[in-house]
Amino acid sequence: MTKVAVIGAGSWGTALAMVLADNELEVKIWARRKEQIEEINRHHTNSKYLPNVVLSDRIAGHEELRETLKDVTIVLLVVPTKAIRETITEMKKELKAPVTIIHASKGIEPGTHKRISEMIEEEFGDSELLKDVVVLSGPSHAEEVSQRQPTTVTVSSKSSEASELAQDLFINQHFRVYTNPDLVGVEIGGALKNTIALVCGLTNGLGMGDNTKAAIMTRGLAEIARVGVKLGASPLTFAGLSGLGDLIVTCTSVHSRNFRAGFMIGQGKTLDEVLSSMGMVVEGIRTTKAAYELSQKLQVEMPITSALYAVLFEGLKPEQATERLMGRVKKHEVEQLNIDL
Ligand SMILES: NC(=O)c1ccc[n+]([C@@H]2O[C@H](COP(=O)([O-])OP(=O)(O)OC[C@H]3O[C@@H](n4cnc5c(N)ncnc54)[C@H](O)[C@@H]3O)[C@@H](O)[C@H]2O)c1
Ligand SMILES: O=P(O)(O)OC[C@H](O)CO
């Protein structure tokens, strides 16, 4: 039976482990907390992250990375973006043979502006322990995947063979997996929609309604596509699952951590208060910093992202940010996309 190591036992790592177990794979899941491992192995639950969900007994919890990675050739990496580099550093010490890494995290690193696959490749360097990197992204909240609700995602890699391997590992009757060769577009769409979801939540928290949400989603997608194309992505990817699809789910779902965090900020909570009350990663906060820096570096206009950056990190009041956005100079809608279709 094929064995897969899942590194990161938060809500997404656990839900994806369930998909793999449903596909009759043997899953070894790694978490940092001993009590969490004991709960997974004794009770087949991971109640902090996925309450009321029973896990398959094909999923075994491990505390040691060495044991988790032993005899596996496929690793599913699902830790927050800020933990990617340190996790790879630890993994490298324990790997004995090359692995294909499928990552399912969504973010961009502030400072370097690297995508996750780039960070993984950089950390492996010249080592032969990394075979391929694949990203799995798309509209997929862990809460619904764990209930086996119909869900669709995209996988992408520089290697079409590795994409197809990931597609075959995950696809089933509840979880439909497409391939897309546009690695840059898939990773950029998945990361940047979190910023737009924070803004949607924020405006809802301020009492604004659906017109505003539709405006932010549509113009948000325009600025995601603008920077993505500048980075080499295909514009069509942003109309797909990892672009528009994920934007819709994150900006409209009660499950979205980014939307909920934005909502609380709109209601007047400070960033620190919001983050300490969430208990789960809100990737959009750090990604907003990275995206803002990227827009400055590449000279790409990202007004919504810039407005959120000013609210989060420069003390601009949300009401002032709204005025700033609505008072911008007149524009032509499609030209602003700056996309040569
Ligand atoms: N939750 C979802 O529905 C969902 C869906 C798609 C993508 N994602 C993405 O998956 C990634 C993980 O999200 P999640 O929702 O599972 O997060 P989570 O907050 O539920 O869990 C994060 C996990 O990572 C571990 N972790 C935190 N810091 C760590 C560190 N420094 N080193 C090692 N492990 C660490 C935590 O202990 C926890 O097990 C994020 O990038 C997120 O955007 C989440
Ligand atoms: O709950 P969020 O806001 O972290 O979003 C999770 C996923 O990215 C949705 O596809």
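Modeller: Let us begin with a definition: angles under 35 degrees count as roughly parallel, over 145 as roughly antiparallel, 65 to 115 as roughly perpendicular and the rest as oblique. Please keep in mind that this is a predicted model. The axes of helix H13 (residues 284-298) and helix H14 (residues 303-313) cross at roughly 125° and come within 9 Å. H13 and H14 are therefore oblique to each other.

Biologist: Is the crossing of H13 and H14 left-handed or right-handed?

Modeller: H13 passes H14 in a left-handed crossing.

Biologist: Which residues of H13 and H14 meet?

Modeller: From H13 come Ile 285, Thr 288, Lys 289, Ala 291, Tyr 292 and Ser 295, and they meet Thr 305, Ser 306, Leu 308, Tyr 309, Leu 312 and Phe 313 in H14. Sorted by class, this contact of H13 with H14 has seven nonpolar, four polar and one charged residues.

Biologist: At what angle do H11 and helix H12 pack?

Modeller: H11 and helix H12 (residues 271-278) pack at about 140°, and their axes are 9 Å apart. That angle makes H11 oblique to H12. The crossing of H11 and H12 is right-handed. On the H11 side, Arg 257, Ala 261, Met 264 and Ile 265 meet Leu 271, Val 274 and Met 278 in H12. By class, the contact of H11 with H12 has six nonpolar, no polar and one charged residues.

Biologist: How do H8 and H11 cross?

Modeller: The axes of H8 and H11 cross at roughly 40° and come within 6 Å. H8 and H11 are therefore oblique to each other. H8 passes H11 in a right-handed crossing. The residues making the contact include Ala 197, Leu 198 and Gly 201 of H8, and Asn 258, Phe 259 and Gly 262 of H11. By class, the contact of H8 with H11 has 10 nonpolar, eight polar and one charged residues.

Biologist: Let us turn to the domains. What does the domain assignment of the chain give?

Modeller: The assignment gives domain 1 (3-181) and domain 2 (184-337). Between the C-alpha centres of domain 1 and domain 2 there are 26 Å. Their contact takes 26 residues from domain 1 and 27 residues from domain 2.

Biologist: Which elements give two or more residues to the side of domain 1 that touches domain 2?

Modeller: They are helix H5 (116-124), strand E6 (130-137) and strand E7 (151-157). E7 provides the largest share of that side, four residues. By class, the side of domain 1 that touches domain 2 has eight nonpolar, 13 polar and five charged residues.

Biologist: Which residues come nearest to ligand 2?

Modeller: Ser 140, Thr 250, Ser 256, Arg 257 and Asn 258 come nearest, out of the 14 residues around ligand 2. Two or more residues of this shell are given by each of helix H8 (183-205), helix H10 (241-252) and helix H11 (257-266). H10 gives the most to the shell around ligand 2, with three residues. By class, the shell around ligand 2 divides into three nonpolar, seven polar and four charged residues.

Biologist: Why does ligand 2 lie between domain 1 and domain 2?

Modeller: Ligand 2 lies between them because domain 1 and domain 2 both give residues to the shell around ligand 2.

Notes:
Residues numbered from 1 in each chain as written. Chains lettered and ligands numbered in written order. Predicted model: local features only at pLDDT ≥ 70, side-chain atom pairs only at ≥ 80, totals over all residues. Near = placed C-beta within 6 Å. Nonpolar A, V, L, I, M, F, W, Y, C, P; charged D, E, K, R; others polar. Domains from an automatic or database assignment. Axes fitted to C-alpha atoms, helices over the stretch in contact; angles between N-to-C directions. Left-handed = near helix turned anticlockwise from the far one by under 90°. Contact = placed C-beta atoms within 7 Å.
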